[in-house]
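User: I am new to this structure and would like to learn how its features are read. Please take me through them step by step.

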Amino acid sequence: MITVYGIPNCDTVKKARAWLASHGVAHTFHDFRKQGVPADRLAIWQKAVGWEKLVNRQGTTWRKLDPQQQAATTDAASAQALMLAQPSVIKRPVVDWGTQVTVGFDEKSWTARL
């Protein structure tokens, strides 16, 4: 089963979920705000794609962090602590395809999966 992780009002998550639905792809949605970030999954995501790809340094949440918090995010452990404390700093959506993890929405690569 495919699981989409993110925040429901995120435009990219909306696009991803709409794309999956329009292609008849069954999936579940895990809301970071209501259900939190699963720490065990976060470790797997970091191993699969790297903490650098998971931390959205272009987003509003990152920009609102004080410079000390930004500067302190230097490795997997510090990034994990930040992502658990501030789930909206995670680039979205994170998709667990069952055999692979992807971050973000890329219609072309998703189409290749079908």
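Analyst: This is a predicted model. We may begin with accessibility: a residue is called buried under 20% relative accessible area, exposed over 50%, and partly exposed in between. Asp-106 has a relative accessibility of 41%, so Asp-106 counts as partly exposed.

User: Where does Asp-106 lie in the chain?

Analyst: Asp-106 is found in the loop between strand 4 and helix 8 (107-113). Asp-106 and Ala-16 are 90 residues apart in sequence, and their C-alpha atoms are 8.4 Å apart in space.

User: Is Thr-61 buried or exposed?

Analyst: The cut-off for buried is under 20%. Thr-61 has a relative accessibility of 17%, and therefore counts as buried. Thr-61 belongs to helix 5. Setting aside residues up to four places away in sequence, Thr-61 touches Gln-86, Ser-88 and Val-89. From Thr-61 to Ala-43, 18 residues apart along the chain, the C-alpha separation is 21 Å.

User: How would the reading go for Arg-57, and which residues is Arg-57 in contact with?

Analyst: Arg-57 has a relative accessible area of 35% and is thus partly exposed. Its place is the loop between helix 4 (51-54) and helix 5 (60-64). Beyond its neighbours within four places in sequence, Arg-57 is in contact with Trp-51, Trp-62 and Thr-73. Ala-72, 15 residues from Arg-57 in sequence, is 13 Å from Arg-57 in space, C-alpha to C-alpha.

User: At what angle do helix 3 and helix 7 pack?

Analyst: A pair of helices is described by an angle and by the separation of the axes. Helix 3 (residues 39-49) and helix 7 (residues 76-85) pack at about 135°, and their axes are 11 Å apart.

User: Which residues of helix 3 and helix 7 meet?

Analyst: From helix 3 come Ala-39, Leu-42, Ala-43 and Gln-46; these meet Ala-76, Ala-79, Gln-80, Met-83 and Leu-84 of helix 7. Sorted by class, this contact has seven nonpolar residues, two polar ones and no charged ones.

User: Which residues of helix 7 are buried, and where do they fall around its axis?

Analyst: The buried residues in helix 7 are Ser-78, Ala-79, Leu-82 and Met-83. Viewed down the axis of helix 7, they fall within an arc of 130°, so they line one face of the helix. The face turned away from that buried side carries the exposed residues Ala-77 and Ala-85. The buried residues of helix 7 pack against helix 3, helix 4, helix 5 and helix 6 (67-72).

User: How does the reading apply to helix 3?

Analyst: Leu-42, Trp-45 and Gln-46 are buried in helix 3. Down the axis of helix 3, these residues fall within an arc of 100°, so they line one face. Asp-40 and Lys-47 are exposed on the face turned away from the buried side of helix 3. Among the elements covering the buried residues of helix 3 are strand 1 (2-6), helix 2 (32-35) and helix 7.

User: What should be noted about the backbone?

Analyst: Most residues other than glycine have a negative phi, and most peptide bonds are trans. Gly-50, which follows helix 3, has a positive phi, near 90°. The bond joining Arg-92 and Pro-93 is a cis peptide bond, with omega about -10°. Pro-93 is placed in the loop between helix 7 and strand 3.

Definitions and conventions. Residues are numbered from 1 along each chain as its sequence is written. This is a predicted model: local features need pLDDT of at least 70, side-chain atom pairs count only at pLDDT 80 or more; totals for chains, interfaces and linings use all residues. Side-chain values use heavy atoms; hydrogens and water are left out. Helices (H or I, at least four residues) and strands (E, at least two) are DSSP runs, numbered from the N terminus. Buried means under 20% relative accessible area, exposed over 50%, partly exposed in between (1.4 Å probe, protein chains only). Contact means heavy atoms within 4.5 Å. Axes are lines fitted to C-alpha atoms, for helices over the stretch in contact, and angles run from 0 to 180 degrees between N-to-C directions. Ala, Val, Leu, Ile, Met, Phe, Trp, Tyr, Cys and Pro count as nonpolar, Asp, Glu, Lys and Arg as charged, and the others, Gly among them, as polar. The arc is that of the directions from the helix axis to the C-beta atoms.
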